[in-house]
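Have a look at the sequence and the 3D view first, then read on.

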Amino acid sequence: MTKRHGYAVLCALVALVVALSAAVYGTVAADDGSTGAVRGTLADSRPHRDSAAAPASTGTWVGAWATAPVGGEPGTETAGLAGRSVRNVVHAATGGTSARITLSNLYGQSPLTLTHATLALSAGDGTAAADAATMRRLTFGGATGVVVPAGGQIVSDAVRLTIPRGSDVLVTTYSPTPSGPVTYHPHARQTSFVADGERAEDTTGDPYTEQTPYWRYLTALDVLSNEADGTVVVFGDSITDGITSTVGANHRWPDILAGRLRAALESGRRLPRYSVVNEGISGNQVLADGLGRPAENQSGLGRFGRDALSRTNARAVVIDLGVNDILRNPRLADPDRIVAGLRTLVRQAHARGLKAVGATLMPFEGHRGYTPAREAVRQQVNARIRAGGVYDSVVDFDRALRDPYAPRRLRAAYDSGDHLHPSDLGFARMAEVFDLGTLRGAGQTEL
């Protein structure tokens, strides 16, 4: 081998090592903790130069906001929302430097074609107006459009945008063609907006003349965060959904819990740096599905993998389910079956390394569904929860919110008036009595 030939071989080897190193680095940087959501078909393979796709960066991907798909929106069975722009308003529980979204067509009966999707910060005036400097066009695998198959979901590419903690974020989608039933979450307790025509990048908010109490298609907002290292998923029914909380005020108890955790961290307490997302569905039960295929208001057992375990970087789950199994069962509910269902959820959480914190069931005397026999079932379930052997840790909402002089009832100040759901003050009390220290540690072995 000549000296010149040896030098050429050496250069080639060096170039190969550099290329392999770059490939390994790129693979590691791309591993962001996402859960491999089903990808849609690209409707437009051309990347858009304004998409501001986020490069690999420091931080951790966590859930800033999430909601559970509940069913197909009534009245959209044929046309969906073809030819209309849907602007969802969501509240970010934690901040980040990049963002991505998840869109669901779980209850669609045909493919959902989206030709335009955007993300922006709200102008802050409670309208559909956006902060113009923050408007970002979203892409999906580098394309500005995507087709989400019936029953599927899609995760967008990340975009560079600073999302301040506590900010309202606008996520807008436009579909030109009918897609069948629109996948939605009906009890948002947040006003969102709809406009006729393709108005995804409008910043004035003027075309958005229709208000809606629903979230449509959107099921998650993730951020690349330096504020949080993981996500706490609160998994429950209407009490977690915040069905009686003040609209637009973010007074659901998981919202207040997120604020408590952040304030405690800022005060110097040694606690896990977690964001909090809300996966409550009004009327949800541990055991029973709603009607339809796929089932609307799917049981806690059926949806736990999708709505809790698959959330980005989930580290702990807080479970507050069971009261609807008692109230909505035409026969007397079996406390053994309810507890067995809860234990199944905990085993699944442990298998994924998640800690499981569980809540006692709050009183409901005075509610139209109350009977002494149902009260006895509630007491039996709560006794099993308090005794241990169901959850890793317990938050006793029953004891914290019941009337000390009539313990089968909610205390009047904590009662929204229907004798089942808390008032804003009641939701605040739930967050207040939650021991933040229970979030330390990962899931245990089977109890």
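Is Arg273 buried, partly exposed or exposed? Arg273 has a relative accessible area of 32%, so it counts as partly exposed (buried is under 20% relative accessible area, exposed is over 50%, and partly exposed is in between, using a 1.4 Å probe and protein chains only).

Keep in mind that this is a predicted model, where local features need pLDDT of at least 70, side-chain atom pairs count only at pLDDT 80 or more, and totals for chains, interfaces and linings use all residues. Residues are numbered from 1 along each chain as its sequence is written, and side-chain values use heavy atoms, with hydrogens and water left out.

- Arg273 pairs up with Asp229 in one of them, with the closest N and O atoms 2.9 Å apart.
- That pair links distant parts of the chain, 44 residues apart: Arg273 sits in the loop between helix H3 (253-266) and strand E19 (274-280), and Asp229 in the loop between strand E17 (218-225) and strand E18 (230-236).
- Those labels come from DSSP runs, numbered from the N terminus: helices are H or I with at least four residues, strands are E with at least two.
- Asp229 is partly exposed too, at 30% relative accessible area.
- Glu210 and Arg84 make another salt bridge, their closest N and O atoms being 2.7 Å apart.
- Here the partners are 126 residues apart, with Glu210 in strand E15 (residues 210-212) and Arg84 in strand E4 (residues 84-91).
- Glu210 is partly exposed at 28%, and Arg84 is partly exposed at 22%.

- Glu432 and Arg429 form a salt bridge at 3.3 Å, N to O.
- Both lie in helix H9 (residues 424-433), three residues apart, or about one turn of the helix.
- Glu375, Arg378, Arg386, Asp396, Asp398, Arg399 and Arg402 are linked in a network of salt bridges.

**How confident is the predictor?**
- The protein chain has a mean pLDDT of 90, and 86% of its residues reach 70 or more; pLDDT is the predictor's confidence in each residue, from 0 to 100.
- Residues 1-39 have pLDDT below 50, and this stretch has 18 contacts in the model beyond near neighbours in sequence, a contact being heavy atoms within 4.5 Å.
- Residues 443-447 also stay under 50, with 15 contacts beyond four places in sequence.

Conventions: Salt bridge = Lys/Arg side-chain N within 4 Å of Asp/Glu carboxyl O.
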